[in-house]
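Trainee: Before we discuss the fold, may I have the sequence and the model in view?

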Amino acid sequence: MTITRLDRETINNLRSFITITSIQQCIVELVQNSLDANASLIEVYINPDDLFITVMDNGDGISPDDMNDIGKRYKTSKCHSLADLLNIQTHGFRGEALASIASISLLTITSRHRDYDTTNTTRIYLSNRIYNGLYPSSQLSHGTTVSVQGLFQNFPVRRKMVLKRMNNNNWRHTSNSEIIQSIKSALVNFLLSCRNTDLKLVFKIGPELSFSIPRIPGKDSLAEYYVNIFHQAVAKDFAIDFASIQFTYNDIEVSGFISSKPVNTKLYQNIYLNRRMVTINNFYKSVNALLIPFIHANEEYSKEYPFIMSKKRLCKHPLYVLHVTAPMSSFDICQDPSKSIVQLENEIEIENAISKAIKHFLTENKSSVSRKRNADWHDTIDLRSSPKLRSKYFENSLNILDIKIKRQSLSTATIIAQLSEKFIMLRLESDNKPLLVLVDQHAADERVRVEQLTEQYAYTVLNTLLHKRASLNISSSIEATNISIKLEVSDIDMQLLEQYSEQLQLWGVIYHHVDDLCSRTGSHSLMVSHVPNMALDRCFSDSSLIQRLVLQHVHDLHEGRVPKLISSDNDSSILLETIISCLPRAIVDICNSKACRGAIMFGDKLTKRECKSLIEKLSNCRFPFQCAHGRPSMIPLADLSDTIEPTLNDF
């Protein structure tokens, strides 16, 4: 086979495919160009029906002489040599964004430069300029309007996938679709990087306004501007209380804002290096390790927002915007198409600077990360760590150190105290012996929750089985969500899927065969159209979940690792136990994960009533002596048979 050079059209398409990988990246590139043109007003409009995008600004505009060069690859007014990269001040610098967009769409640019009275326009279709000249009517003021029609027109698979995701998310009735949310998130990250409170950005989806970030002039208004960004573009109920951070270490400066109130997502933890997003995980891990104790130590916040700082700890992540300023020579911004910081020459030094800045911030805010302790029953004893024992667990009893605890004894246990906000001390009778027992509050609540989740899901499957018995439509009874996720499987996988398709349907997984590529490639394409409701959020955050949910289960069935679900028992209670014993491993993992994340955590204060309620629920569990991951939920401390009978006043 002879080596030949790719033709120009193929080169452009391949290059564009790398540079513009999504609709949100296309929008961000256009918005960045507007900001580089000194715009103070940027309006973004998107019609998801045909991927039509318009970005309008009031920037400096493009001169008539430059209109013929705009959209040509590697032609830019922002960077002219490698030396310029050492002092680059603009967002764009490679001369690739507009050229890449023009090669996969119909790109129209209309602009009036601030020094000219005329308005000019140029149109480029799939890299071919089809018009360049005067616009029929002149704009009243300077600025640029960029329109993108038919995005990914010459990449039909990607275009079809994006349009289908738009339709599946029903964007007309909700602004929370995956793609719309990703666009919002990209715009928020961009706005936070700017530190320009004179910028107004408007984002419209179809005819409706999604959000508008107004200008907030003034030198000291950046925190207010940032709060407004989060409230308008992310969530109006975000509880944000920003405190400023300012610190210099050698030639590295760290500034920004940290909220003392946690939120329910890590998506809005932002670190920028010279205005560009940092994607190095170690930086975020270091910051979070220092800030999590700080935000959870705020007791006044717990009282003001009890729904957030509850024992569920739904909101437990720090929210911060940190700007790091360092010499341009210390990092490389050319490696990633999104121009994020992916590699640093002095990574350790910058990480140290950030850590020192956070520690300085905590000191300045007088946070020693120690809670104000109340002189009550919560702190009777201080245990530094939980016991670690290897034991054999049984459904109805626990045997450790020749001491046996029966499940029934938990229902009559006496609560003595919560210890170190980690454990619950009990006195209970087992085999007529008084025992002193220590319960891990997180493991206990995790066990309660995992059995509740498992049972709830099992009931939905039971409902499906009952419909099947009555010869009703099974699909109508499945509590599942309509999605559209493509899956490539082998010929062997396909045979197993055909064999066990009805089993998957009982668990809420529905798919259809898209095409048969076996004769050419030995693989098949599936479109998974339904997944159980409880697995929906994980399907988008964990791309491997669909494979585990579909393929792992059919292989487990085939190899006998998981029993086949057969509706042979007439007693619903017996059938429910059968369903639980046949759960796919992916569903079990989801239940375990959800139970762990939602359970009472170490550091959560519990009243005696809450402790009693937890132990009562635990006594009704099938496996009360181990958490969802198999670790012990309790341990006997002492046999009190040979001791003086204690009273509550002794503790």
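Mentor: Helix H6 (residues 222-233) lies across S9, S10 and strand S13 (320-325). Helices (H or I, at least four residues) and strands (E, at least two) are DSSP runs, numbered from the N terminus. This is a predicted model, where local features need pLDDT of at least 70, side-chain atom pairs count only at pLDDT 80 or more, and totals for chains, interfaces and linings use all residues. Residues are numbered from 1 along each chain as its sequence is written, and side-chain values use heavy atoms, without hydrogens and water.

Trainee: In what order do the 5 strands of the open sheet stand?

Mentor: Two strands pair if DSSP finds at least two bridges between them. The pairing in this open sheet is mixed, and the order is S9-S10-S13-S11-S12.

Trainee: Why is one side of S9 and of S12 left without a neighbour in the sheet?

Mentor: S9 (242-249) and S12 (276-277) each have a single partner strand, so both stand at the edges.

Trainee: Which residue in S10 stands opposite alanine 243?

Mentor: S9 and S10 (residues 252-259) run antiparallel and are joined by 8 bridges. Opposite alanine 243 stands isoleucine 258.

Trainee: Which residues does isoleucine 354 contact, leaving aside its neighbours within four places in sequence?

Mentor: Contact means heavy atoms within 4.5 Å. Helix H9 (residues 347-364) lies across S9, S10, strand S11 (269-273) and S13. The contacts of isoleucine 354 are Val254, Ile271, Phe283, Val287, Leu322 and Val324.

Terms used. Axes fitted to C-alpha atoms, helices over the stretch in contact; angles between N-to-C directions.
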